[in-house]
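Colleague: I'd like to learn how to read a fold like this one. Could you walk me through it, feature by feature?

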Amino acid sequence: MTLSPRVIEYKDLNGLYAQVKGKPMIKKFYHAIVGDPNEKVLKRCRPVVEQINALEREFEAKSDAELRAMTETFRQRIRTAIAPLQEQLAAAEQEYLAVLGTDEQRFARIEIDRIKREILKLEDEQLDEILPEAFAAVREASKRTIGLRHYDVQLIGGMVLNSGSIAEMKTGEGKTLVATLPLYLNSLSGRGAHLVTPNDYLSKVGLQLMGPIYHLLGVSAAVIQNSAAGPDKGSFLYDPEFPSADDRFQALRPIPRREAYLADITYGTNNEFGFDYLRDNMVQSLEQLTQRDLHYAIVDEVDNILIDEARTPLIISGEARESSNYYVEFAAMVRTLHPEQDYVVNDKERVVTLTEAGIARIEQRLGIENLYSPEHFEMIPYLDNALRAHALFSRDRDYIVRNNEVIIVDEFTGRLMEGRRYSEGLHQAIEAKEGVKVQKESMTLATITFQNFFRMYDKLAGMTGTAKTEEEEFQRIYNLDVVMAPTYKPIVRDDMPDMVYRTPEVKFKAVIEDIAAAHQRGQPVLVGTVAIETSELVSRMLKRAGVPHEVLNAKNHEREATIIAQAGRPGSVTIATNMAGRGVDILLGGNPEGLAREELRHQGIDLTEIPQHDWIACVDMLKRGQDPTSAYPEPWTTILKEKWEETARDREMVKSLGGLYVVGTERHEARRIDNQLRGRSGRLGDPGASRFYLSMGDDLMRRFGGERISGLMERLGVEDDMPIEAGLVSKAIENAQTKVEGHNFDIRKHVLQYDEVVNEQRNRIYDQRRRILREPSMKVSIETMIEEEVRSLVASFTTGNFEEEWRLDELAPALNGIFHLPSDFSVDQWRGMKQSEIADHAVQMALDVYHAKEAELGEDVMRRAEKQIMLWAVDSRWVRHLTDLDRLREGIGLQALAQVDPLVAYKREAFNMYGELMSDITGDIVKAIYTVQVQKPVPMAATPIARNIRTNRADGGAPAQQTVRKTGPQLGRNDPCWCGSGKKYKNCHMQSDRAKAAGQPQAAR
């Protein structure tokens, strides 16, 4: 028997690659067949780098004006290329307006979307052609303005970002400078380019540092900042001529938020971009919109934003009701419970469960027989949250209490999450546990996950120093590949083996001895911890040992950046909680510019009076070994020169001592965080070293086999103060981290699966809102809604095959509850008619009254009123719908007991609820349209049932939502009936209530 040869296609191997990730042997086989995918990308980039380098001399000869003129030349090339398609788009949009309200409308919209996709594709092709010249222009502008020349590897990083991939570039490789290349290139299309950062400080400083490049090239650049006083208070345009009273905001001119988004390039945080999107979908007029369509974005620290923070959605909420007394009652009860006896904690899954004895104790305290009987069902969530708060959440590790307020500590960065609140009552339970004021519960007004928000961009890219370990998640969730860019210089850092001890006490003793020895010899040390309480413990021990140090408590990003920038000074010791100066380089010997600014402030010299271009010119002279005091005889130049020379001497001393020494006091559950800490050392070929200290009592080791290894050490007779360096332990640590990473991926994927159901509905609702705002007239839609509502009502009263079964006498009052029936109308007119004829007659009467109302108010007034009524109906019903979905989500897990996939059940129920939502919106609009009066304008509040609207995140925060049940006297069609039958209102008393309301038309709310 002969075997026919089979050709392995490239797409088959791509599918194979997705399956072999994490399997080294199979991966080697894959690479042997098709080559390393990463190297293939780099190979395609290198010829383009040569093209850019070949243009350098030509661009050096251009004047500033000629360089700036190239921007308009590039833009004109793009406009010329897409002009034919733009004409087609204009014609398609005219056709769409002509067929509004007809069956052809949907097909006209599809044609518009098709042409838009073709335009985007053609624009991308044009950008690829322009890329070598554009990158050469940016490099030349950078050399002239900030004195930095893009390295070849940085050009490669820029190409990776332009292609819509993640560029993994090691710490210190200049990602801030790299981003200027694709940001400028993609801004040429006129659609806007965004740089997304983890915090406000990095956004502001990033623009201030790179702004001179954009300014020379003639592109506008802005930054958006978090501002409690309102978005417009935190928006700035880069303007080097603007005199700022605060040197921290030099060259930043305040502008409205809308103008910031109209700039060619916009810097901002993930939170602000996301919240602005949600706010834009709550506005009442087009003039209130701030964002343009989401086109191109580069996400800085992409692993932190798209992975670490992706488990929690962005939420805009409003107060709904006072918190229940159950929070305080159950907080007191669980304090009396005993671990193991009354409840059991699962450390791996972070779950706590009551035992039979614990249930009996709670029942005794409450004086009830069965805690889980239906009449006590409302208590269960309060008890569960109280128990979780008591057993799983620790003060100074998961949260702190400050100013009578519980503030969450971010588990990945150690930063305080001002404004963040845990979801579904857990935060209130912690407040009750700590004895602080229990805040009001809230209701969700608008929400979206980071996954779904960032996937709305036409083109998305990211950059970080640590992404390869999460490549599978980036590919599956965001369709982003990870490309490892080569380093400018080889990494020579010495990553020493982990030191593993039996007990934490002995481990920390060894850590302090190691830090003290490094400090004694003058080597700078960066100490990484996983919790605030660990930082405080290490700090107390260092104080006892007489070692001076700085602790990063993450209360202020600017202060944090200042500390971390000087962490490379001789003998300095800096303690950081899982952030290690993210976004800020640690320069060996210290940061001369930062030290100079600090000294100038100390001497009372106003930094705002120092021209920025003069400062940049002096720094450039110092880099070339020249004396700037001769060209700029000012006191500040002398101080800058002194600090430059001081740090240069210190740099050589630190290098001779081995560079920055990174000490990790514990392994994090994600390998990326450990790599981020290590990556602070050894930047740009500098020497450096790193070592992690572990113990069998560490959380990660305890959760994944630490007891077994500890027992083995005991049997082998290993002393407590004797560390071990064994492959067995290293393998156990790696396996534990891989398991936790997989578990966290599952959590994020689980959140996304549920949110995708909501996302589809959200997109439709938001599209509907935008159409209401943009369409000149909604008359056709209103008439359609009137017809649908009236026909539905007629059908509900004329069920059955015979006229005797119809309730025509009840139908007339029900219709009169929507619109006033003509004075000469009589039910007898319907006798002998078919059901369809009655419906036609009722619809005609309804339309006649509608047209009479239009004539009474005037066409312009009627059109404005229709828009306001439709927005009110959509917004108020959508808010209730979000709350209903939250409630559905809370209990849907019980479907698993009936062998039903909870996600499938959730999708089915959510689909049905959406259909009812649209029916309710139509009903609200139709009833309200007949009550419009000129002297009583329709309220414009998008959320009439909420107060004190707020977001769930401060700068850098990542909180979760809270959910509540509906309140208020108004009953919706799908609310439980007031009679207590348990049926929905529409299936119980709705029709009879409508009949009783005859002659009493409802006023528009």
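Predicted model: local features only at pLDDT ≥ 70, side-chain atom pairs only at ≥ 80, totals over all residues.

Colleague: Sheet first, then. In what order do the strands of the open sheet lie?

Modeller: Reading across, you get S5-S4-S3-S6-S2-S7-S15-S1-S16, nine strands with mixed pairing. At the edges sit S5 (252-254) and S16 (482-484), each with pairing on one side only. From one strand to the next, the twist averages 25°.

Colleague: Let's pick out S2. Which strands does S2 pair with?

Modeller: With S6 (residues 265-269), S2 forms five bridges in the parallel sense. With S7 (residues 296-300), S2 is also parallel, this time through four bridges. On the S7 side, histidine 194 is opposite alanine 297.

Colleague: And why is S2 (residues 193-197) described as largely enclosed?

Modeller: Check burial residue by residue, with under 20% relative accessible area as the cut-off. Five of the five residues in S2 are buried, so the rest of the structure largely encloses this strand. Then check the faces: Ala193, Leu195 and Thr197 are buried on one side, His194 and Val196 on the other, which leaves both faces covered.

Colleague: Now helices. At what angle do H9 and H10 pack?

Modeller: For a helix pair, go through angle, distance, handedness and contacts. H9 (residues 180-187) and H10 (residues 200-217) pack at about 35°, and their axes are 11 Å apart. The crossing is right-handed. H9 brings Thr180, Leu183 and Tyr184 to the contact, while H10 brings Met210, Ile213, Tyr214 and Leu217. Sorted by class, that contact has six nonpolar residues, one polar and no charged ones.

Colleague: Last one, the cores. Which residues of the largest nonpolar core touch the most other members?

Modeller: Those are Leu306, Phe454, Phe474 and Trp830, in a core of 106 residues. Then ask which element contributes: helix H33 (residues 859-891) has the largest share, 13 residues. There's also a second, separate core of 60 residues, with Val48, Ile78, Leu127 and Leu181 among them.

Colleague: What does phenylalanine 474 contact, leaving aside its neighbours within four places in sequence?

Modeller: Phenylalanine 474 is in contact with Ile166, Val302, Asp303, Leu306, Ile307, Ala467, Asn479, Leu480 and Val482. Leu306 in that list is also one of the residues touching the most other core members.

Note on methods
Residues numbered from 1 in each chain as written. Heavy atoms only, no water. Core = buried A, V, L, I, M, F, W, Y, C linked by side-chain atoms within 4.5 Å. Buried < 20%, exposed > 50% of the residue type's maximum accessible area, 1.4 Å probe, protein only. Helix = DSSP H or I, 4+ residues; strand = E, 2+ residues; numbered from the N terminus. Contact = heavy atoms within 4.5 Å. Pairing = 2+ DSSP bridges. Axes fitted to C-alpha atoms, helices over the stretch in contact; angles between N-to-C directions. Left-handed = near helix turned anticlockwise from the far one by under 90°. Nonpolar A, V, L, I, M, F, W, Y, C, P; charged D, E, K, R; others polar.
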